[in-house]
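Here are a few friendly notes to read alongside the model. Please keep the structure open as you go.

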Amino acid sequence: MLNTLFNTILTNGSFTPIGFCEILIAALVCGLIIAGAYMIKNKYSKSFVVTLVLLPVVVALVIILVNGNIGAGVAVAGAFSLVRFRSAPGRGQEITSIFIAMAVGLALGMGYIGIAVLFSVVISGINLLINISGFGGRENEERTLRITVPENLDFESRFDDIFRDYLESYTYEEVKTTNMGSLYKISLNVMMKPGVSAKEMMDDIRKRNGNLEVSLGRPVTTYDAL
């Protein structure tokens, strides 16, 4: 049974029509498994999910077509390299899922249906368990604090005592003028202390900055980006 699972369905290095149909069906099933696992506990778009479903089919077909043809293989490699320059940077989880789908497509293109299906189920299951368990996550994440102050306020030392009371760490990231130079906007990366109230901290800051705008949110760039 195990020998059958890890054997290829290639016959003398080529596919039969039935084998070709089996490859396409298996590729779609594997793509659905990978996409379904990614959709749980991850932010996604419809286009990306469809890409994960179809990518194993496309890669498998390419491998089938270039099987044993070195010239065609080099040409396809060159064509695929051009896609890199039309691709936007992605999160680590997205890139990992794409590589999983490509690996499954490669295995299917070589006729290893059992390996491809087993790999899809096992890797997607591990990926799902890691996401559900929250492995690698931090309870206290870094945030972005933005404070608007009047031009005559010495902001570099004005809020230090408040920061010590509410924050584990803070770093000044950006200071810029606004409203024709009458106001300063300060951006900081901060780490809140466990159990402290964000509202109380913002109220204390508003007492110092003349009740001007104060915002606290997640940073635009996250550590998940590659």
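1. R206 and D203 sit three residues apart in helix α9, about one turn of the helix; helices are DSSP runs of H or I with at least four residues, numbered from the N terminus. The two form a salt bridge, with their closest N and O atoms 2.9 Å apart. A salt bridge here is a side-chain nitrogen of Lys or Arg within 4 Å of a carboxyl oxygen of Asp or Glu. Salt bridges that share partners join K199, D203 and R206 into one network.

2. This is a predicted model, where local features need pLDDT of at least 70 and side-chain atom pairs count only at pLDDT 80 or more, while totals for chains, interfaces and linings use all residues. Residues are numbered from 1 along each chain as its sequence is written, and side-chain values use heavy atoms, leaving out hydrogens and water.

3. D203 also meets K199 in a salt bridge (2.8 Å, N to O). K199 is exposed, at 59% relative accessible area, whereas D203 is partly exposed at 22%. Buried means under 20% relative accessible area, exposed over 50%, and partly exposed in between (1.4 Å probe, protein chains only).

4. The structure holds four salt bridges. One of them pairs R208 with D161 (2.8 Å, N to O). R208 lies in helix α9 (residues 198–208) and D161 in helix α8 (residues 160–166), so this pair ties together parts 47 residues apart in sequence.

Note on methods
Helices (H or I, at least four residues) and strands (E, at least two) are DSSP runs, numbered from the N terminus.
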